[in-house]
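The following questions and answers go through one protein model and what it holds.

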Amino acid sequence: MDTTNLFKTRLSEKDFGKLARINNPKLLQFVAKYIELCNPDTVFICTDSAEDRIYIEQEAIRTGEERMLAVPGQTVHFDGYYDQARDKKNTKFFLSEGVDLSSNLNLIDKQKGLKEINTIFKDIMKGHKLYVLFFCLGPCGSEFSIPCIQLTDSPYVAHSEQLLYRAGYEEFVRLGPSDRFFKFVHSEGELENNVSKNIEKRRIYIDTEEDIVYSMNTQYGGNTIGLKKLAMRLAISLASKEGWLTEHMFIMGVHGPNNRTTYFTGAFPSLCGKTATALLENETVVGDDIAYLRNKDGMVRAVNVEKGIFGIIQNVNSVDDPVLWGALNSPGQIIFSNVLVTEEGGTYWIGKEGKVPQRGINYSGEWTPGKKDTKGREIKPSHPNARFTVELKLLKNMDAQIDNPEGVAIKGIVYGGRDHDTWVPVEESFDWVHGIITKGACLESETTAATLGKEGVRKHNPMANLDFLSIPIAKYVQDNLNFGKGLKNPPTIFSVNYFLRDANGEFLNSKADKKVWLKWMELRVHKEVEAVETSTGLIPKYQDLKRLFKEVLNKDYSEDSYKKQFTLKVKENLAKIDRLMNIYKKKVPNTPHIVFKVLEEQKQRLNKAKNKK
Ligand code: SPV
Ligand code: MN
């Protein structure tokens, strides 16, 4: 294709000039191809300049995809009523002939998939403006990082990405004709009241061979913000080929005695406390969602792929989330999505303190309490998956190392899920292999509103990463095991469970208790407290927790609470092993043999404990 000719006819001289600074024929071909196919009225090329960034912010307001709120800088965006979460059903991986990807993945034959999207994409941007944006996943100029190009006709998506990702235009100019970059094409499609109309033609198709993701007829961030969970699928494949890890993990600095900062990563499924943990007061945050991990001289180092947060707003309040609360109530750029907006331009969400407003606008349109949907179900003021998008720099506890191109040294890894009856609140594994297998690879969690479908169903979710895996589970588990083999100083692996309940269904812990678990893990990493060995791992001693509860929360922690929380649930743990053995035997082809061996050993220890009892 003669790209120069096409660009000359379709772009202004100024925009053509911006594109021409990038000497990368592959990238230019890509842009040209989708201008031809999607056929936008106009094209805007976005560089890293302040002028271009502000233009995108203004476009979001001009088109009505975002509306200004009373607090300066804050805006609100609504997604369609049926477009409020990740659409797993229509998120598919291309499968080329002769390639064995995985029976666990939602696959579509590549030729068939391409045909389908080329049909949907044809002229889809007619009447729209195409925004061409450049970003960098991870700090610019770092071995960890991956440059990305995003094409989208949604200024809301473009604006969100500007808050969430590091600008990458100059990085592309610097790199020249490189092949190693990710590509995203998104179109919101035809709009009705500013939301995607043709939801039945919503598709998110991922091509890990060509590092392209196609997304259409949707606006919800998890389906459209290419650099987030769409890039994550590409990065998992790339990491597997190159020998590093892409994880659904926060990165945070936990502050120990004598001003010591110890970095942890933590993997939790969506809506299970990952962001709340990462943002704890008195600790520092590097990232809340996606981390790249590499072995550097025998140590794990990690970077945050992002520079902002696309977080869940439900239940965010001044007591549990003081850091976030501070940012949400100060002037500064924040995009709220799918919350309730009052006449005065204020916001309300489920779990926010204060009275429920008596009227407002939400994702269902005009809203008053008691409003029902077409199926007669009550519409809450905000959607449970309503979100906020904010740059980390607006948070007062952003860690100073966030842009370190070498990443931070990771000393502890935490796995946690929504588990009402099995795991104790915090536990250390015996070693890397035991941790990866019994905690990471055996993570289970009850489903939440972050994906379309039923809530509260217990599901296996290895490393909290199942939704984003683009390689077979067995390969992914093996990659994690191999990663540990090359480490001289592997991080200590822990599990946490914030959701343990008693027989009456009452939570056994308060939300603030996680602060204590982190301090205990920090001390364990440095071997400064002892632990009690059980069949499933190493748990805190009562005396240490009693001291920490007093120091951290000024709370008296009773021996009775300790017993209720930390008594090994032998029956439940045995049942869990049976479930997981079954899953790995029947549903995960080529599971590494060591998985069964480690689980079998744990089972024997548990059976011994049962008999002793
Ligand atoms: C998650 O659901 O894990 C998120 C938001 O972080 S989404 O972009 O929808 O994946
Ligand atoms: Mn996430």
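Q: Which pocket is the space taken by ligand 1?
A: This is a predicted model, in which local features need pLDDT of at least 70, side-chain atom pairs count only at pLDDT 80 or more, and totals for chains, interfaces and linings use all residues. Side-chain values use heavy atoms, with hydrogens and water left out. A pocket is an open set of points on a 1 Å grid over the protein atoms alone, where a 1.4 Å probe fits, with protein on both sides within 12 Å along at least five of seven lines. Ligand 1 takes up the space of the largest pocket.

Q: How many residues surround ligand 1?
A: Residues count here if one of their heavy atoms lies within 4 Å of the ligand. The closest are Arg 86, Tyr 220, Lys 229, Ser 270 and Arg 387. The number surrounding ligand 1 is 11.

Q: How far is a polar side-chain atom of Ser 270 from an oxygen atom of ligand 1?
A: For Tyr 220, a polar side-chain atom lies 2.8 Å from a ligand 1 oxygen. For Lys 229, a side-chain N or O atom is 2.6 Å from an oxygen of ligand 1. For Ser 270, the distance is 2.4 Å.

Q: How many residues of domain 3 are in contact with domain 2?
A: Domain bounds come from an automatic or database domain assignment, which places domain 2 at 246-306 + 401-612 and domain 3 at 310-394. Contact means heavy atoms within 4.5 Å. Domain 2 contributes 12 residues, and the number from domain 3 is 12.

Conventions. Residues numbered from 1 in each chain as written. Chains lettered and ligands numbered in written order. Polar contact = N/O pair within 3.5 Å; in protein donor to acceptor, adjacent residues only side chain to side chain. 1 Å grid on protein atoms, 1.4 Å probe; cavity = no way out; pocket = protein on both sides within 12 Å on 5 of 7 lines; lining within 4 Å. Sits in = over half its atoms within 2 Å of the grid points.
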